[in-house]
Amino acid sequence: MSKQVSIGKVNIGGGNPIAIQSMATFKISDTQRAVEEIKRLKAVGCDIMRFSVSDEQDANAFSVIKKQVDTPLVADIHFDYKLALKSIDGGADKIRINPGNIGGEDKVEQVAKALRANKIPVRVGSNTGSIEKEFLTKYGKNEVSLGESALKKVALLEKFGVEDIVISVKASDVRLMVKAYEYVAKKTQYPLHLGVTEAGTEYSGVIKNSIGIGSLLLNGIGDTIRVSLSADTEREVIAAKSILSALDLRKDCVTLVACPTCGRCEWDCMPFAKKVEDYVKNINKPLKVAVMGCPVNGPGEAVDADIGVAGSKQHCYVFKKGKIILKVEKEQIESVFFGEIDKCLQ
Ligand code: SF4
């Protein structure tokens, strides 16, 4: 089991639930927008929010935002160790740095001192673009060079007394990413932050992330995840939640079951499933909801669902655990079904 590390009020590793992280696509110095974004993503299941910090204004923004939200915030810093110190001063709950580009070991030591004094963790790691030259020369671009690059950074932080470390070894190549995390997991107890980099648009990105993150989680590897997508950040969080929910690793959300439909389907099942997906995305309670194409097979196929709907040419049928409880006029199904979902949550 990985070591427990606390990121603000969220504990990761040590058998705690897998945490979902996302990253803002704009500057944190736009504090009002940042607060709105943190709240918007929290509502759909984001546990930890990361912001890039590229100047002093960004670093100073943490103290303003921290007063308005309770989601733990991560400061992502490159090149300037002073921005790391300022972000820590401002109340960042974790920082993400590359010790290799913040100005030498003495600077890393200063950041390490601030981390220890404020009891906050740090994430370090590598990706295929930042493999250390010595490992690239020795091993080529593979899981060993990716893993050893990350572990070298870990060793440097340990040298300066930092104990709360999170590691990532991201790659865009899913097989390489999986092997690299497996490699690192064998060599360390620190919690691992999983992700596939440059995963692509929503469709291909969700596929890549589901395979990469999902296969690692199935083998008990990984403590926080980010599903990077070239899409709205809300979609990242919803995708992450769906991966965890599919693996039964997240209980505080609705699982939506929908049939693919076939020749028996005689109603607008797919658009209705989309509406339901939208309706349940902010619900943070465990519930299995089904939207099925026909009343002949639908209730039986979705017998595990707490509540479901199946449509015929004339009517819709609401069912619970496979048993039909209501026959509803099609025009009323939206309000009736959403009302029944609400009742299930009471
Ligand atoms: S529930 Fe009905 S419509 Fe959907 S796949 Fe099964 S038989 Fe086809």
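Me: How many nonpolar, polar and charged residues does the shell around the ligand have?

Reply: Residues are first sorted by class: Ala, Val, Leu, Ile, Met, Phe, Trp, Tyr, Cys and Pro count as nonpolar, Asp, Glu, Lys and Arg as charged, and the others, Gly among them, as polar. By these classes, the shell has 4 nonpolar, 4 polar and 2 charged residues, and among the residues around the ligand are Cys-259, Cys-262, Arg-264 and Glu-301. This is a predicted model, in which local features need pLDDT of at least 70 and side-chain atom pairs count only at pLDDT 80 or more, while totals for chains, interfaces and linings use all residues. Residues are numbered from 1 along each chain as its sequence is written, and side-chain values use heavy atoms, with hydrogens and water left out.

Me: How many aromatic pairs does a search of the whole structure find?

Reply: Rings of Phe, Tyr and Trp (its six-membered ring) pair if their centres lie within 6.5 Å, and planes under 30 degrees apart count as stacked, over 60 as edge-to-face and the rest as tilted. The search finds 6 aromatic pairs. In one of them, Phe-272 and Phe-338, the centres are 6.3 Å apart and the planes at 20°, so this pair is stacked.

Me: Are Phe-272 and Phe-338 buried or exposed?

Reply: Buried means under 20% relative accessible area, exposed over 50%, and partly exposed in between (1.4 Å probe, protein chains only). Both Phe-272 and Phe-338 are buried, and Phe-338 has a relative accessibility of 11%. Tyr-279 and Phe-338 also form a stacked pair, 4.0 Å centre to centre with 5° between the planes, although Tyr-279 is partly exposed at 29%.

How values were computed:
A residue is near a molecule or strand if one of its heavy atoms lies within 4 Å of it.
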